[in-house]
Amino acid sequence: MKNIAILGSTGSIGLNTLDVIAANPDRFRVATLAAGRNVRLLASQARQFHPEAVAVEDQEGASWLTRELADTSVQVLSGQQGVMEVAAWPSVAMVVSAIVGGAGLPPTLAAVRAGKDVALANKECLVMAGSLFMEEVARHHVRLIPVDSEHSAIFQVFNQKNAMRRLILTASGGPFQGWKQAQLAQVTPEQALAHPKWNMGKKISIDSATLMNKGLEVIEAHWLFDVPADRIEVVIHPDSIVHSLVEYLDGSILAQMGVPDMRTPIAVALAFPDRVPVPVPSLNLVALGRLLFYPVPDRADFPCLGLAYDALRAGGAAPTILNAANEVAVSAFLGESLSFPGIAHVVEQTLSTLGGSPVHTLQDVMEWDMMARSKAREWSHRISGRTVHPC
């Protein structure tokens with residue numbers, strides 16, 4: 001029996017993780033849960049899965065949960081410290097890191113430093129603090145297994161690094177494949193959130209629409225598999241059946257395929273090196289018929305992927321700045337104070353203004369993160385003419 005902590009249990013990855021655990025009660029047990037402000041759903045999860053502890057974002061939510069779960073033995077914690085405690089909880093063997101954005105870095109680090117294996121769905125840990133995070137993983141001898149479908153695919157077929165020619169990440173292309181600048185300027189949040197294949201949270205749905213999500217995944221792949229940027233390629237694959245590929249020196253390309261359902265990569269991470277049953281449909285190859293791939297769109301229309309490559313090559317604080325500026329810009333877009341093309345504009349201007357110096361410590365990372373958020377809010381205000389509040 002493997003005891004699991006889920007950071008972000010009320011989000012899409014958290015819900016899918018609970019589905020996998022419910023389907024395999026003889027293999028996995030929920031030990032702790034952490035969520036943001038959806039305390040009613042968290043309370044329901046606590047009653048169904050009987051964790052030892054739960055953590056929520058604020059004290060108000062914790063007080064409500066304490067009253068709601070008064071007839072149980074569930075311990076209720078709050079704030080960032082509470083989330084870090086459930087991540088490092090003594091009985092936990094593996095932590096599913098699924099908190100969205102930079103907020104996921106501190107509790108995931110707490111899990112690593114406590115010696116917990118990590119199923120990583122929070123790509124920002126590696127985007128913000130790549131080398132420093134991987135040093136902590138190595139120092140504490142923990143297993144880091146990717147949950148993103150693309151990185152899980154590579155993880156499953158990448159077994160001869162010295163014979164590898166390139167990694168190929170697939171991208172669905174989001175809802176605006178083939179759109180040009182004039183059309184993109186009119187995009188609404190509702191349109192951008194309507195992903196054609198994946199049911200995801202708001203932040204990642206917008207990142208998918210701008211292709212920033214793929215850029216963040218390129219950076220994540222660089223750190224997970226120790227592969228340079230010029231050997232990581234992206235192709236558009238709208239059907240989301242081939243989740244990524246590895247090409248070897250002899251021309252062989254190994255791909256991992258399956259229906260687009262996050263429960264599969266989650267199950268791979270939880271059960272590795274074993275396989276466990278997951279209630280997803282089989283892929284019908286005959287009905288599928290063919291697989292289509294396209295080049296990535298022009299940078300002029302979708303600049304975010306190129307900005308991410310630039311930040312990875314620049315190194316130092318540049319990826320941290322990229323991530324922070326993007327989070328601010330996406331929040332402004334969702335709040336309808338910034339246009340869809342304005343997201344890339346804010347990221348580009350923030351990167352250009354702050355540049356990027358070497359980062360030596362995690363404190364450096366957090367300071368650059370704060371500076372970048374402040375500068376990105378300034379640029380959002382300049383571009384939109386409206387005040388952008390902290391996110």
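This is a predicted model: local features need pLDDT of at least 70, side-chain atom pairs count only at pLDDT 80 or more; totals for chains, interfaces and linings use all residues.

The conversation below goes through a few residues and a pair of helices.

Visitor: Is His 237 buried or exposed?
Guide: His 237 sits in the loop between strand S9 (232–236) and strand S10 (242–248); strands (E, at least two residues) and helices (H or I, at least four) are DSSP runs, numbered from the N terminus. Buried means under 20% relative accessible area, exposed over 50%, and partly exposed in between, with a 1.4 Å probe and protein chains only. His 237 has 1% relative accessibility, so His 237 counts as buried.

Visitor: Which backbone oxygen does the side chain of His 237 reach, and at what distance?
Guide: Contact means heavy atoms within 4.5 Å, and leaving aside neighbours within four places in sequence, the contacts of His 237 include Val 242 and Leu 292. The His 237 side chain reaches the backbone nitrogen of Val 242 at 3.0 Å. The backbone oxygen that this side chain reaches belongs to Leu 292, at 2.8 Å.

Visitor: How are H15 and H17 oriented to each other?
Guide: Two packed helices are described by the angle between their axes and the distance between the axes. The axes of H15 (residues 318–334) and H17 (residues 362–384) come within 8 Å and cross at roughly 40°; axes are lines fitted to C-alpha atoms over the stretch in contact, with angles from 0 to 180 degrees between N-to-C directions. Angles under 35 degrees count as roughly parallel, over 145 as roughly antiparallel, 65 to 115 as roughly perpendicular and the rest as oblique. H15 is therefore, relative to H17, oblique.

Visitor: Which residues does Asn 16 touch, not counting residues up to four places away in sequence?
Guide: Asn 16 lies in helix H1 (residues 12–23). With a relative accessible area of 17%, Asn 16 is buried. The residues that Asn 16 touches, with that exclusion, are Met 262, Arg 263 and Ile 266.

Visitor: How far apart in space are Thr 10 and Ala 98, C-alpha to C-alpha?
Guide: Thr 10 is in the loop between strand S1 (2–7) and H1, and at 18% relative accessibility Thr 10 counts as buried. Thr 10 and Ala 98 are 88 residues apart in sequence, and their C-alpha to C-alpha distance in space is 9.6 Å.

Key. Residues are numbered from 1 along each chain as its sequence is written. Side-chain values use heavy atoms; hydrogens and water are left out. A polar contact is a pair of N or O atoms within 3.5 Å; within protein, one must be able to donate a hydrogen and the other to accept it, and residues adjacent in sequence count only if both atoms are side-chain atoms.
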